[in-house]
Amino acid sequence: MTIQWFPGHMTKARRQIQDKLKLIDAVIELIDARLPLSSRNPMIDDILQGKPRLIIMNKADLADPEVTRQWLTHFKEQGHTAFPVDASTGTGVKDIPDQVKLLLKEKIDKQIAKGMNPRAMRVLIVGIPNVGKSTLINRLAGRSIAATGDRPGVTKGQQWIKVAGGEMELLDTPGILWPKFEDQNVGYRLAVTGAIKEEILNVEDIAFFAVKYLSKYYWEPMSERFDLKQRPEDFENPDEIVTVMEDIGRKRGCIMSGGRVDLEKASSAFLRELRAGKMGRFSMESPY
Ligand code: GDP
């Protein structure tokens, strides 16, 4: 589902999260491991008002593992706790409660020192649309709870989901944040990964952006998949990128009457395969 973010939406989303902050001990900020910059909300530090936070790089199964390692180092240097997860299969998910516990260690130790029984850690999951919030909630809960594709503004009764044998409680409705918008490339990167639907940006433009990027950084897996022979020499030359797109289209039988390549069809086919991980794992942003 596509969410058009207008100032009113943003204010509402922000207010909803800030209302929930009063109820919780810690926040899990979900980002896309392929796009740790573009999939983060630009105002996140401000919105979370210093709440303890765990950064989870989701969809790590689709990201370039070497680049993910660089990001983990980067976040650590910044003083954040971050780790990669694949919420769709559950890889890494079981470590989350222990990581939250570490984050809240001081608070929990204080409760114990006062002779109190530490109560369940209350956690809110936040992130931009499509980053995997519902998938993660369902995975942590071990059953299907959160409907995928939540809408901002739709409020329902607040429910706590007990996870990790009752040690942790999750708010069943995640906090939805808007992505960065200020830079057109951010929009394209989000669109390449499927975070922004194709009604907003033109499918051929998205595919052009992706083919250019992959030609530069991931030529081998792309050329292998489509049996491409000619790597562009000048990545800034649109004609060379379009030639690659045409080769891809021919390989997928996207031909119009008259023999010309149907670039729209070719673009859709290409993006579908890319998003499904058929060209291997790739990242679109690196920290260094
Ligand atoms: P939400 O809008 O943040 O709640 O995102 P969803 O939970 O609805 O997930 C969006 C899409 O991403 C769905 O198609 C999920 O199956 C997929 N997805 C979520 N997490 C992962 C992951 O770790 N790896 C992969 N490959 N896909 C994921």
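In this predicted model, helix α10 (residues 238-251) packs against helix α11 (residues 263-275) at an angle of about 80°, and their axes are 9 Å apart. The two helices are therefore roughly perpendicular to each other, since angles of 65 to 115 degrees fall into that class. On the α10 side the contact is made by Met245, Ile248 and Gly249, which meet Leu263, Lys265, Ala266, Ser267 and Phe270 of α11. Sorted by class, this contact comprises five nonpolar, two polar and one charged residues.

Beyond α11, the chain continues into a segment that contains Met284. Apart from its neighbours within four places in sequence, Met284 is in contact with Arg34, Leu35, Arg189, Val192 and Tyr213. Trp160, by contrast, is 124 residues from Met284 along the chain, and the C-alpha atoms of these two residues are separated by 35 Å.

Attention now turns to a pair of strands. Strand β5 (residues 160-163) pairs with strand β6 (residues 168-171) in the antiparallel sense, over four bridges. Within this pairing, Lys162 stands opposite Glu169 in β6. The two strands form a hairpin with four residues between them. Ala164, in the turn, has a positive phi of about 50°.

The remaining topic is the annotated positions. The unreviewed UniProt entry lists, under "binding site", Asn58, Lys59, Ala60, Asp61, Asn130, Val131, Gly132, Lys133, Ser134, Thr135 and Gly175. These residues do not all gather at one spot, because they span 118 residues in sequence and the farthest two C-alpha atoms are 23.4 Å apart.

Asp61 is placed in the loop between β2 (53-58) and α3 (65-77). With 17 other C-beta atoms within 10 Å, Asp61 is partly exposed, as this count lies between the limit of 12 or fewer for exposed residues and that of 20 or more for buried ones. When residues up to four places away in sequence are not counted, Asp61 touches Asp86, Thr89 and Thr91. Ser134, on the other hand, belongs to helix α6 (residues 133-141). Ser134 is buried, because 21 other C-beta atoms lie within 10 Å.

Key:
Residues are numbered from 1 along each chain as its sequence is written. This is a predicted model: local features need pLDDT of at least 70, side-chain atom pairs count only at pLDDT 80 or more; totals for chains, interfaces and linings use all residues. UniProt positions are given in the numbering used here, feature names are shortened, and annotations may be inferred rather than shown by experiment. Two residues are in contact if their C-beta atoms, placed from the backbone, lie within 7 Å. Two strands pair if DSSP finds at least two bridges between them. Axes are lines fitted to C-alpha atoms, for helices over the stretch in contact, and angles run from 0 to 180 degrees between N-to-C directions. Angles under 35 degrees count as roughly parallel, over 145 as roughly antiparallel, 65 to 115 as roughly perpendicular and the rest as oblique. Ala, Val, Leu, Ile, Met, Phe, Trp, Tyr, Cys and Pro count as nonpolar, Asp, Glu, Lys and Arg as charged, and the others, Gly among them, as polar.
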